[in-house]
Amino acid sequence: VDGLVMGGGVGVSLHGSHRVAGERMVFAMPETGIGLFPDVGATYLLSRLPGAIGLYLGLTGTRVEARDALWSGIATHFVPSGKFPALAAALAGADDLDRCLAAFAETPATGPLAQRRPTIDRLFASPTLGDLMTGLANDRDDFAAVTRAELLTKSPTSLAITFRQLTEGRTLAFEEAIRREFRIVCRIPLGRDFFEGIRAIVIDKDKAPRWQPARLAEVSPEAVERYFAPLAAELDLADLTSTAAG
């Protein structure tokens, strides 16, 4: 992985057993900014990062560089980009994958995300999203103010969905995590925020989405629950596997 890896790129690259980052890697799940939520298995991936790092990344969409991807577990190895061609050639003939990767892997310097972890863990330890926002508003750390300002640009509905998704995701197996994501994404088009987010960020590029509802306090628990409720036809990975094999 050596470049932008966001959204769908995460789904096709960061669930592998060996995830090699070059120094040009930039990871992010910025979906709350377009009225969506971190999908493609992000429930499983983000909820297993150290401390509150995954919740922070999922809510804010903050970009992560390669050295912090390695530190957090998003990546399993760091190899300088210039060595990728030699690594690919070596892997093609390798009998021992781990030994081959170890011969190329390096340990980069500590990144900004690792340095911020104590603060992130403290600020994102709240039991509810409302408490989290209140804590950010009352905290004297400049980082808290910047983070709160960033969250206020996101879809309130998406923030509420993502908070529940990632706090509950810590106990879910991958299959159940994907099943929940399928439930949510099937219902996202029934609302307005996703279309408005795409308009504001991708089409008109005015970066001024008009979310409905516009405030987090207006997002009811009942509204969030509807996104997580079982579907009449649930996603079954076993069925998909057997269909693909046939």
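**Overall fold and nonpolar cores**

Of the 246 residues of the protein chain, 43% count as buried. The structure is a predicted model. Its secondary structure comprises 14 helices and 5 strands. The protein chain has a radius of gyration of 19 Å, close to the 18 Å given by the globule rule for 246 residues, so it is as compact as a globular protein of that length. The C-alpha trace spans about 55 × 55 × 40 Å along its principal axes. Among contacts with a separation of 6 or more, 69% are made by residues 24 or more positions apart.

The accessible surface of the protein chain amounts to about 12,300 Å², and carbon and sulfur atoms account for 56% of this area. The chain carries 26 positive and 30 negative charges, whose mean positions lie 4 Å apart.

The largest nonpolar core contains 48 residues. Those touching the most other members are Met 25, Phe 27, Leu 57, Leu 59, Ile 74, Phe 124 and Leu 132. At least two residues of this core come from each of helices H2 (42-47), H3 (53-60), H4 (66-72), H7 (112-123), H8 (129-138), H9 (142-151), H10 (156-169) and H13 (221-228). When residues up to four places away in sequence are not counted, Phe 124 touches Ala 52, Leu 55, Tyr 56, Leu 59, Leu 132 and Thr 147. Of these contacts of Phe 124, Leu 59 and Leu 132 are also named among the core residues that touch the most other members.

Another core, of 6 residues, lies apart from the largest one. Its members include Val 79, Leu 87, Cys 100 and Phe 104.

Definitions and conventions. Residues are numbered from 1 along each chain as its sequence is written. This is a predicted model: local features need pLDDT of at least 70, side-chain atom pairs count only at pLDDT 80 or more; totals for chains, interfaces and linings use all residues. Side-chain values use heavy atoms; hydrogens and water are left out. Helices (H or I, at least four residues) and strands (E, at least two) are DSSP runs, numbered from the N terminus. The radius of gyration is taken over C-alpha atoms; the globule rule is 2.2 Å times the number of residues to the power 0.38. Buried means under 20% relative accessible area, exposed over 50%, partly exposed in between (1.4 Å probe, protein chains only). Contact means heavy atoms within 4.5 Å. Accessible areas come from the Shrake-Rupley method with a 1.4 Å probe; for residues, only the protein chains shown count as cover. Lys and Arg count as positive and Asp and Glu as negative; His and the chain ends are not counted. The place of a charge is taken as NZ of Lys, CZ of Arg, CG of Asp or CD of Glu. A nonpolar core is a set of buried Ala, Val, Leu, Ile, Met, Phe, Trp, Tyr and Cys residues joined through side-chain atoms within 4.5 Å.
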